[in-house]
Amino acid sequence: MKKPTIWFANEDFHDADEPYLPELFKESFHAWFEDAQDLDVCQYGVFRLYSRSASFYSTEPRNQQQLNSANWDEVMNRLANQCIQSESYTVLLEQNVQYSAVPIRRRKDNKMFAVFVSAVNKEHAISKAELEGYMKHYRVHFYRAFESVFVKEIMLQKSMIDKEATHRERLFLISKRLYDQIDAESVVREMLHSLEELYQDSKIHLYLSQDHLEGDSRVRPLEFRNSTNNIVTEAFLEGKHCIDRDQPGYIRLAIPMNGKQAAYGVLCIEINRVHWDESDLPAFMLIADTAGSAFENAKLYEQSNMLINELRIINEMTKRLNQSLRSREIFQYATAELLKVFNADYCCVLQLDRKKNEFKVRASNLESLLGKAYANDYGFTGIVYRTREALITSDYWNKQNVSSELMEDTNSRSLIGAPIFVDGEVAGVILVTHRQANYFSYDNFKLLQVVSTHIGLAITNASLHAEMHKMIITDNLTNLHARHYLDEQIQRKQRVDMQGSLILVDIDFFKTINDTYGHQVGDRILIQVSAIIKSSIRNGDIAARWGGEELAIYLPNVPATRAVQIAERIRMRVEHETDPKVTVSCGISEWEMSHDKISVESLFYRADMALYESKKNGRNRINIG
């Protein structure tokens with residue numbers, strides 16, 4: 001059975017390795033002497049090892065006087081040189097001292113690489129075979145030391161490979177954990193935690209260029225004016241790592257945390273000089289690059305989520321705003337939603353009264369402000385109105401250069417405001433506040449601008465709807481309500497009121513006026529009479545054009561006796577205020593909850609009959625039906 005062999009047992013050194021041999025010579029020669037020092041020959045003689053460069057390693061004789069020659073040192077050197085030249089066994093007898101030298105050859109190519117020399121008194125002379133035995137004994141020690149170095153080198157390489165593999169595995173796990181994070185804050189915390197695990201004797205800080213992680217002392221803002229962080233600034237601006245080796249006791253390393261789109265910060269590590277290894281630099285750079293990419297991905301994810309959320313908010317608000325066709329409801333809904341969207345403390349929506357040139361609070365969760373009016377140049381509302389632009393205030397307490405009842409009454413410090421545009425003009429202002437300073441972000445600022453645009457569109461729609469509704473229910477010539485609107489309102493009133501009266505008004509001899517003066521004059525008379533009627537009734541009363549020259553007035557919760565007084569006032573004013581002068585005849589009817597039959601038709605029928613009686617009896621008079 002063939003015995004297994006150790007593969008490096010046949011390995012040997014090369015000529016190029018000779019500069020590294022002195023340490024091997026020294027170690028192996030001392031090891032050999034430890035083994036051989038008990039031999040008699042070592043007691044009486046001296047053994048030396050000479051390298052090819054003639055440097056030597058020597059044993060000391062126990063008693064130098066035992067050597068009969070006084071110049072044995074010089075002779076040994078000379079003999080070693082002769083052996084190196086001849087590369088063969090050399091012997092010399094001088095002053096009763098035997099000097100002998102034998103070459104030491106490599107085991108692989110038999111090339112001489114050193115000389116083994118002995119010096120003993122003649123009476124203790126040793127043969128060539130004996131010296132070669134000592135030499136071979138030494139060569140065993142030499143190759144044992146050589147193999148030990150070889151094995152150490154292999155073990156070192158293996159250790160480095162294992163360390164590198166472990167390092168790569170750690171870096172892979174760190175990279176995986178970093179990319180598993182879906183928000184930027186988690187990426188930063190994971191990176192710092194991983195580095196602290198890998199380099200426990202280090203101080204680690206992250207200088208961020210934009211977002212500052214509140215509550216974590218390891219994360220700091222990147223300040224370009226701070227001279228103590230000069231390598232941090234340099235690393236960020238130049239986009240490459242910087243090392244400060246001038247600090248006593250430690251190395252300071254700054255590595256930029258880069259993504260594909262930008263540099264987001266600088267990773268700064270302080271490592272004890274004793275534990276600093278240049279081979280760790282690529283690992284630091286890899287972690288910083290990985291963190292930069294992961295941070296960027298998390299930021300993009302956050303931004304996409306924020307954008308989706310903003311679009312959802314805008315979509316829902318737009319849908320709800322457009323469902324309401326009343327400006328008051330729009331303002332109230334907008335206030336409630338803005339408080340929720342921005343998690344704000346207070347919100348105030350003001351509308352511009354163009355006739356009075358002032359802003360009026362239409363909606364707010366601060367009840368003391370509701371209904372209040374302010375000049376169009378007052379406070380933040382005035383700034384928004386004047387500049388036609390949104391604004392943001394980070395800390396009102398530190399910059400109270402603007403008077404604001406809203407900020408002072410609520411102890412608010414942060415504010416965002418935006419104009420509400422209708423038909424290209426500022427029609428209102430939105431103000432949102434919070435008691436905490438620096439509360440609103442730039443994203444909040446932009447979102448409010450978008451939301452205010454949709455509120456303006458909703459108000460525009462409500463105004464258009466109101467105008468269209470007014471057109472539908474209003475007679476274009478007289479500006480009184482249309483007949484169908486009057487019918488609907490009487491029907492609604494009869495369901496909830498206790499009584500009511502109807503006055504029908506007919507312009508006497510209206511056809512004659514048209515024939516005499518023309519239809520334009522006739523229209524003018526209709527407008528004059530309609531204006532007299534509108535100015536003679538209450539806001540809650542309803543006046544309408546019933547048809548042609550006939551007009552109608554419904555008086556909710558008014559009995560016929562009171563309706564006669566109103567009709568008489570109208571009749572007299574028409575007779576005295578119209579030009580050309582005309583008169584009117586009136587018919588009045590009433591209903592009460594106690595009546596058997598209550599309907600719009602019966603009410604109009606009785607009023608029409610009463611009007612007929614007025615005309616029949618001479619016109620310019622009033623009758624009750």
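Predicted model: local features only at pLDDT ≥ 70, side-chain atom pairs only at ≥ 80, totals over all residues.
I count two strands as paired if DSSP finds at least two bridges between them.

**Entry 1: the mixed sheet**

I looked up the sheet that S6 belongs to. Five strands make it up, in the order S7-S6-S10-S9-S8. The sheet is open and its pairing is mixed. I wanted the edge strands next, and they are S7 (219-221) and S8 (242-244), each pairing on one side only. From one strand to the next, the twist averages 25°.

Then I checked how S6 sits against S10. S6 covers residues 203-208 and S10 covers residues 263-272; the two run antiparallel and are joined by six bridges.

**Entry 2: the antiparallel sheet**

I moved on to the sheet with S1 in it. This is also an open sheet of five strands, ordered S2-S1-S5-S4-S3, and here the pairing is antiparallel. S2 (56-58) and S3 (90-94) are the edge strands, with pairing on one side only for each. Direction ignored, neighbouring strands are turned by 15° against each other on average.

How many bridges join S4 to S5? I found nine, between residues 97-105 of S4 and residues 112-121 of S5, with the strands running antiparallel. Within S5, Val-117 is the bridge partner of Ala-101. H1 packs on this sheet, where it touches S1 (46-51), S2 and S5. The direction of H1 makes about 160° with that of S1.

**Entry 3: H14 against H15**

On to helix pairs. I describe two packed helices by the angle between their axes and the distance between the axes. H14 (residues 519-536) packs against H15 (residues 560-577) at about 140°, and the axes are 10 Å apart. That angle makes H14 oblique to H15, because only angles over 145 degrees count as roughly antiparallel. I also noted that their crossing is right-handed.

Which residues of H14 meet H15? I listed Gln-528, Val-529, Ile-532, Ile-533, Ser-535 and Ser-536 from H14; they meet Ile-566, Arg-569, Ile-570, Arg-573, Val-574 and Glu-577 in H15. Sorted by class, that contact of H14 with H15 has six nonpolar, three polar and three charged residues.

**Entry 4: H12 against H16**

H12 (residues 483-496) and H16 (residues 600-616) have axes 10 Å apart and pack at about 115°, so H12 is roughly perpendicular to H16. From H12, I see Leu-486, Asp-487, Ile-490, Gln-491 and Gln-494 making the contact, and from H16, Val-600, Leu-603 and Phe-604. Split by class, the contact of H12 with H16 comes to five nonpolar residues, two polar and one charged.

**Entry 5: aromatic pairs**

Last, I went through the rings. The structure holds 26 aromatic pairs. One of them is Phe-13 with Phe-142, an edge-to-face pair with 5.7 Å centre to centre and 75° between the planes. I then asked myself which parts of the chain this pair links. Phe-13 is in the segment before H1 (21-36), while Phe-142 is in H4 (residues 128-180). The pair links distant parts of the chain, its two residues being 129 residues apart.

Terms used. Residues numbered from 1 in each chain as written. Heavy atoms only, no water. Axes fitted to C-alpha atoms, helices over the stretch in contact; angles between N-to-C directions. Helix = DSSP H or I, 4+ residues; strand = E, 2+ residues; numbered from the N terminus. Parallel < 35°, antiparallel > 145°, perpendicular 65-115°, else oblique. Left-handed = near helix turned anticlockwise from the far one by under 90°. Contact = heavy atoms within 4.5 Å. Nonpolar A, V, L, I, M, F, W, Y, C, P; charged D, E, K, R; others polar. Phe/Tyr/Trp six-rings, centres within 6.5 Å; stacked < 30°, edge-to-face > 60°.
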